Amino acid sequence: MELFKARSYALQQIAKVKQPIAIWGAAGKGIVLAHALKLTLSVPIIAIDADFHRWSKYLECFGVEILSPAKSIKHSSKDMLILVSNPNHLEQVKTYPGNRFDVGIPSKFTS
C-alpha cells in the first residue's frame with residue numbers, strides 16, 4: 001500500500017511539469033517510467049540510452065523514441081528535464097550535458 005501511495009504522489013507531482021522530458025535509460029526501469037509518464041503528461045517525451053543497439057528505436061510502450069546521448073543533447077530544448085531511470089547513473093548524466101539541463105531522479109518529485 002505504501003508503494004502505491006508513493007507512486008500516486010510522485011505522479012501527481014510530475015503531472016505539474018510543463019517542460020519536455022527525457023528519460024535517461026531505455027531498459028526496464030526506463031520503460032516503466034515512460035509508461036507512467038505517458039499516461040500522466042501531455043509534454044514531449046524522449047528516451048536517451050548509451051547503448052547504440054537501442055538508438056533510433058522506440059520503447060515498447062507508447063512509441064517513445066530512443067536517441068543517443070549526443071543526438072539528444074544536440075536536438076533538445078534548454079528547458080528539458082532529464083529523469084534518470086537508474087540512480088546509479090545520476091552523476092554521470094549530470095556531467096554529460098555540461099549542466100545544461102535540469103537532471104534528477106523521479107524520487108525528487110516525492111519529497
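Guide: The model is a predicted one. The space in this second largest pocket comes to about 180 Å³.

Visitor: How do the residues of the lining divide into nonpolar, polar and charged?

Guide: The lining of the second largest pocket holds 4 nonpolar, 6 polar and 3 charged residues.

Visitor: Why is Ser85 called buried?

Guide: Ser85 has a relative accessibility of 13%. Buried means under 20%, and therefore Ser85 counts as buried. Ser85 belongs to the loop between strand E4 (81–84) and helix H4 (90–95).

Visitor: What makes the pair formed by Trp24 and the side chain of Ser85 a polar contact?

Guide: A polar atom of the Ser85 side chain lies 3.0 Å from the backbone oxygen of Trp24. The cut-off for such a pair is within 3.5 Å. Trp24 is also among the residues in contact with Ser85 beyond four places in sequence, including Ile23, Gly25 and Leu33.

Visitor: Why does Ser56 count as exposed?

Guide: The relative accessibility of Ser56 is 57%. Exposed means over 50%, so Ser56 counts as exposed. Ser56 is located in the loop between strand E2 (45–48) and strand E3 (66–67).

Visitor: What is the phi of Ser56?

Guide: Ser56 is not a glycine, yet its phi is positive, at about 65 degrees. Most residues other than glycine have a negative phi.

Terms used. Residues numbered from 1 in each chain as written. Predicted model: local features only at pLDDT ≥ 70, side-chain atom pairs only at ≥ 80, totals over all residues. Heavy atoms only, no water. Helix = DSSP H or I, 4+ residues; strand = E, 2+ residues; numbered from the N terminus. Buried < 20%, exposed > 50% of the residue type's maximum accessible area, 1.4 Å probe, protein only. 1 Å grid on protein atoms, 1.4 Å probe; cavity = no way out; pocket = protein on both sides within 12 Å on 5 of 7 lines; lining within 4 Å. Points joined across faces, edges and corners; volume = space filled by probe spheres on them. Nonpolar A, V, L, I, M, F, W, Y, C, P; charged D, E, K, R; others polar. Polar contact = N/O pair within 3.5 Å; in protein donor to acceptor, adjacent residues only side chain to side chain. Contact = heavy atoms within 4.5 Å.
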